[in-house]
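Me: I would like to go through the labels used for this model and the values behind them. Please set each value against its definition.

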Amino acid sequence: MLSYRHGYHAGNYADVLKHAILLQVLKAMHKKDKAFVYVDTHAGAGAYSLEDEFAQKTGEYLDGVAKLWDKTDLPLALKDYVAAVKTFNAEQDELSLYPGSPAFVDSELRPQDRMVLHELHGTDHELLSDYFAKDRQVKVIKGDGLAGLIAAVPPLERRGVVLIDPSFEIKTDYQDVADAIIKAHKRFSTGVFMLWYPVVDREQTEAMLSKLKNSGITKQLRLEQGIKTDSNEFGMTAAGLWIINPPWQLDELAKDSLDYLAKTLGGIDGHVTVKWEVGE
Ligand code: SAM
């Protein structure tokens, strides 16, 4: 039984980093005309109202996207990110809706590209299906995203971006995620794989990341923002992205953004990391 609903967390500091970097990865894919596929293993509902009971209950977006809304000195990746959220809210002219990863990607999809989205939760799957009901470039699948990932690669296009953004509700998720990425990479070694990870229990997270690091896969980049000192008692203390085959210069773009986020969203115990864990 799944209980996680992304509506509680939409637009929080972890979403800011994830979606800002996702946008830059997609923009890099545009450098070639050749089509690409975007695969989202854990897609969520597609888009969220920040005025509904979920977002209002936690108010997490207030310490995330809302803090960047009026800034005029944003580095490129964050500037593009806030512009995308503003476009999404163009009708309201204020921050009341938040795009999930599928909606961000939708704004970057060219006629030749396509999206494959997986969601297991019944309600969120229905919302996601409704959101893309008439969109022929988008396939929405109700099922396990890790199994779906293996089925989706290698794509016919031979170019692709995969976002693996689990809710990590089951302890075995950490192990299963690493295994699935290694298997998918064997079939599609040129794909860009972006894994989002939380730090709730540092040891558990690092066990998953070490598995990837020691898998023999090259070009693995860690981007992380911590807002508290690691502790197993206070829920999520940091969140990050582990990217295999990041586009050229993504590390530099990310560094500018993370340094900015450390000042604006990071707590006093905050830290940021941009590190090539495995090189070429
Ligand atoms: N990627 C989304 C975004 O950035 O807007 C957020 C996704 S949220 C962190 C994780 C989602 O995974 C939840 O909606 C949850 O219902 C879904 N989920 C959990 N287990 C799943 C599984 N095995 N396969 C597919 N989706 C799953």
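Me: What makes asparagine 214 count as buried or exposed?

Reply: The model is predicted, so local features need pLDDT of at least 70, side-chain atom pairs count only at pLDDT 80 or more, and totals for chains, interfaces and linings use all residues. Residues are numbered from 1 along each chain as its sequence is written. A residue is buried if 20 or more other C-beta atoms lie within 10 Å of its own, exposed if 12 or fewer, and partly exposed in between, with C-beta atoms placed from the backbone. Asparagine 214 has 11 other C-beta atoms within 10 Å, and therefore is exposed. Asparagine 214 sits in the loop between helix H8 (202-213) and strand E8 (220-226); helices (H or I, at least four residues) and strands (E, at least two) are DSSP runs, numbered from the N terminus. Its C-alpha atom is separated by 29 Å from that of glutamate 119, 95 residues apart along the chain.

Me: Why is histidine 42 called buried?

Reply: Histidine 42 has 27 C-beta neighbours inside 10 Å, so it counts as buried. Its place is the loop between strand E1 (37-40) and strand E2 (47-49). Leaving aside neighbours within four places in sequence, histidine 42 is in contact with His118, Gly145, Asp165, Pro166 and Ser167. Contact requires that the C-beta atoms of two residues, placed from the backbone, lie within 7 Å.

Me: What makes aspartate 165 buried?

Reply: The count for aspartate 165 is 24 other C-beta atoms within 10 Å, and therefore it is buried. Aspartate 165 lies in the loop between strand E6 (160-164) and helix H7 (173-187). Beyond four places in sequence, its contacts are Lys18, His42, Ser101 and Trp196. An unreviewed UniProt entry lists Asp165 for "active site"; such annotations may be inferred rather than shown by experiment. For "binding site", the unreviewed entry lists His19, His42, Ser101, Glu119, Asp144, Gly145 and Asp165.

Me: Which residues are closest to the ligand?

Reply: The closest are His42, Gly44, Gly100, Ser101 and His121, among 20 residues that surround the ligand. The criterion is a C-beta atom, placed from the backbone, within 6 Å of the molecule. By class, the shell has 5 nonpolar, 9 polar and 6 charged residues. Ala, Val, Leu, Ile, Met, Phe, Trp, Tyr, Cys and Pro count as nonpolar, Asp, Glu, Lys and Arg as charged, and the others, Gly among them, as polar.

Me: How do H3 and H9 lie relative to each other?

Reply: Helix H3 (residues 76-88) and helix H9 (residues 250-264) pack at an angle of about 75°, with axes 7 Å apart. Axes are lines fitted to C-alpha atoms, for helices over the stretch in contact, and angles run from 0 to 180 degrees between N-to-C directions. Angles under 35 degrees count as roughly parallel, over 145 as roughly antiparallel, 65 to 115 as roughly perpendicular and the rest as oblique. H3 and H9 are therefore roughly perpendicular.
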